[in-house]
Amino acid sequence: MQLPSPIHQVTYNNHTFSIKRDDLIDPFVSGNKWRKLKYILLDAAAKNKKHLVTFGGAYSNHLLATAAAAAKHQLKATAFVRGEEVNNEMLSLCKIFGMRLHFVSRESYRDKLQLFENRYGNDENTYFINEGGAAPEAIIGCTEIIEELNEPFDHIFCAAGTGTTAAGLLKGINQLELDTQLHVIPVLKNGSFIKEEIAHFEQNLSRLNLHTNYHFGGYAKTNPELISFIKDFSAKTGILIDPVYTGKMCYAINDLIEKNHIKKDARILAIHTGGLFGILGKIAEFEKTP
Ligand SMILES: *Cc1c(COP(=O)(O)O)cnc(C)c1O
């Protein structure tokens, strides 16, 4: 466990910026999934729960993080996986860590509390963890990313799926009254909903900047330009980034500097939220893109 996570300087395309390497916290309980699970697991332990039940898609970083964390703490883990039964590298890793998988239709997946109640409603040992680890405890864990900083930054960047991580970062920035702008890159199409998600947890949005044009077609969608960028960035910096989240964030940082929306000499921090096994779901794209 590497905490506080280190900050590394990178120079790419003649711009220098810093990356907070939350991907190095743990290989499997990686990045923001570790931050989110920290207080969720403490809550589960305080309630004497022995079995974690959670939800995700077939390439969910959260499922792998939960499987590995449960194993480390001698807890059982079960996941409801969205869609028809499949196997892939990510799910194989989950199973190696002892997680049990239940595949459920997209329709029944929508009502997660119902799925939980039906199967585990009478089981006192069982603890519900929402998809992606979204919970008030997760926000607290993510504010600690900001508390670990001991130098000032003008701009902090993160990728967003549910916006939980972004909400925690914004809360941390506001609580410490930092003169820092938070830049959030939604990885889904029509990402302006992230603003409302963040507002559930943090009312002061004055330091929030949403950049909704870097989704590359939607969640887990890529194009050759993004894949080429990821290859070039990783090859020139030695820092691996993934095609679903951090690749889109780094693309946005580079693009915003190139277009002078962010000053070249500004002090920029990117949060590497981990999730590198997401590359496994896109191997074919990497292989065919120069
Ligand atoms: C899950 C994940 C995110 C999205 O986090 P949210 O809190 O849901 O916005 C970002 N980056 C990586 C690598 C992830 O695995």
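A polar contact is a pair of N or O atoms within 3.5 Å; within protein, one atom must be able to donate a hydrogen and the other to accept it, and residues adjacent in sequence count only if both atoms are side-chain atoms. The structure is a predicted model, in which local features need pLDDT of at least 70 and side-chain atom pairs count only at pLDDT 80 or more, while totals for chains, interfaces and linings use all residues. Residues are numbered from 1 along each chain as its sequence is written, and side-chain values use heavy atoms, with hydrogens and water left out.

A polar backbone atom of Gly-163 lies 2.9 Å from a ligand oxygen. A polar side-chain atom of Thr-162 is 2.6 Å from an oxygen atom of the ligand, and an N or O atom in the side chain of Asn-32 is 2.9 Å from one. Of the 390 Å² of accessible area (Shrake-Rupley method, 1.4 Å probe) that the ligand has on its own, the protein covers 97%.

The shell around the ligand holds 14 residues, the closest being Lys-33, Gly-161, Thr-162, Thr-165 and Thr-273; a residue is counted as near if one of its heavy atoms lies within 4 Å. By class, two are nonpolar, 10 polar and two charged, where Asp, Glu, Lys and Arg count as charged, Ala, Val, Leu, Ile, Met, Phe, Trp, Tyr, Cys and Pro as nonpolar, and the others, Gly among them, as polar.

Domain bounds come from an automatic or database assignment. Domain 1 (7–29 + 136–288) and domain 2 (33–133) both contribute residues to the shell, so the ligand lies between them.

Two backbone features remain. The peptide bond joining Leu-3 and Pro-4 is cis, with omega about -10 degrees. Asn-14, although not a glycine, has a positive phi of about 70 degrees.
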